[in-house]
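Here is my note on the model, as numbered points. Please read it with the structure open.

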Amino acid sequence: MKNKLTSHTIVKNGEKFIEFVLNSILGKVKEMKIVDTGSTDRTVEIINNFINRYHKAKISFKRVGPFKGDWKTGIPELTQLRNEMLSETKTEWAVVIDDDEIWPEELWNELYVLLRFIPKHAMAITVPFLDFT
């Protein structure tokens, strides 16, 4: 089922969780797409180290930004960036995973089951999450 999935992660200053996030995705999707939008912490270093450690995995990483605006007022460039990531995706499905979102094995298994039964005309599905903050 993983051959039907590409993960999309947009990150900025996510050094606290990004390695855990990437580890939770590794081996669960055909390709990982990661875009950094102007991190000033160790995020880029952590991502590069991860890519070097798992060089056989299909991982694409690029840096863009920084963008103007904030999460409250909106950042139009993020919509454009997300659309670019989707247009570059060659798998049947893309799964959007935030830079602080760690998916447990059970959630991946639920997604794989769901993808077996979802109608061909479906455009999107949502997956519930738990907020531990």
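How many salt bridges does a search of the whole structure find? The count is 8. The model is predicted, and the points below should be read with that in mind.

1. Overall layout. The chain holds 4 helices and 4 strands. Along the sequence they follow the pattern β-α-β-α-β-α-β-α. The chain has 133 residues, and 36% of them count as buried. Among contacts with a separation of 6 or more, 76% join residues 24 or more positions apart. The accessible surface is about 8,700 Å². Carbon and sulfur atoms account for 55% of that surface.

2. Helix α1, the buried face. The buried residues of α1 are I18, V21, L22, S24 and I25. Seen down the helix axis, they fall within an arc of 160°, so they line one face of α1. What do the buried residues of α1 pack against? Their partners are strands β1 (5–11) and β2 (31–36), together with helices α2 (43–53) and α4 (105–117).

3. F20 counts as exposed because its relative accessible area is 54%, and the cut-off for exposed is over 50%.

4. Backbone on either side of α1. N13 lies in the loop between β1 and α1. N13 has a positive phi of about 50°, although it is not a glycine. Most residues other than glycine have a negative phi. I would look at N13 in the model for that reason; its relative accessibility is 35%, so it counts as partly exposed. Just after α1, G27 also takes a positive phi, of about 80°.

5. The bridge from α1 to α2. E19 and R53 form a salt bridge, with the closest N and O atoms 3.1 Å apart. E19 is in helix α1 and R53 in helix α2, so the pair links parts of the chain that are 34 residues apart. Are these two residues buried or partly exposed? E19 is partly exposed at 30% relative accessibility. R53 is partly exposed too, with a relative accessible area of 43%.

6. K33 and E88 meet in a salt bridge at 3.8 Å, N to O. K33 counts as buried because its relative accessibility is 7%, and the buried class lies under 20%. E88, at 37%, counts as partly exposed. Both residues belong to a network of salt bridges that links E31, K33, K62, E84 and E88.

7. The R42–E45 bridge. E45 forms a salt bridge with R42, and the closest N and O atoms are 3.5 Å apart. E45 is partly exposed, with a relative accessible area of 42%. R42 is partly exposed as well, at 43%.

8. Aromatic pairs. How many aromatic pairs are there? The count comes to 3. In one of them, the rings of F50 and Y54 have their centres 4.8 Å apart and their planes at 50°, so the pair is tilted. F50 counts as buried, at 0% relative accessibility. Y54 is partly exposed, at 28%. W103 and W108 form another tilted pair, 4.6 Å centre to centre with 45° between the planes. Both of these tryptophans are buried.

9. The cluster at Y112. Ring pairs link W103, W108 and Y112 into a cluster. Y112 is found in helix α4. Y112 counts as buried, at 13% relative accessibility. How far apart are Y112 and K4 in sequence and in space? They are 108 residues apart in sequence, and their C-alpha atoms are 9.4 Å apart.

Terms used
Residues numbered from 1 in each chain as written. Predicted model: local features only at pLDDT ≥ 70, side-chain atom pairs only at ≥ 80, totals over all residues. Heavy atoms only, no water. Helix = DSSP H or I, 4+ residues; strand = E, 2+ residues; numbered from the N terminus. Buried < 20%, exposed > 50% of the residue type's maximum accessible area, 1.4 Å probe, protein only. Contact = heavy atoms within 4.5 Å. Areas by Shrake-Rupley, 256 points an atom, 1.4 Å probe, with all protein chains shown as cover. Phe/Tyr/Trp six-rings, centres within 6.5 Å; stacked < 30°, edge-to-face > 60°. Arc of directions from axis to C-beta. Salt bridge = Lys/Arg side-chain N within 4 Å of Asp/Glu carboxyl O.
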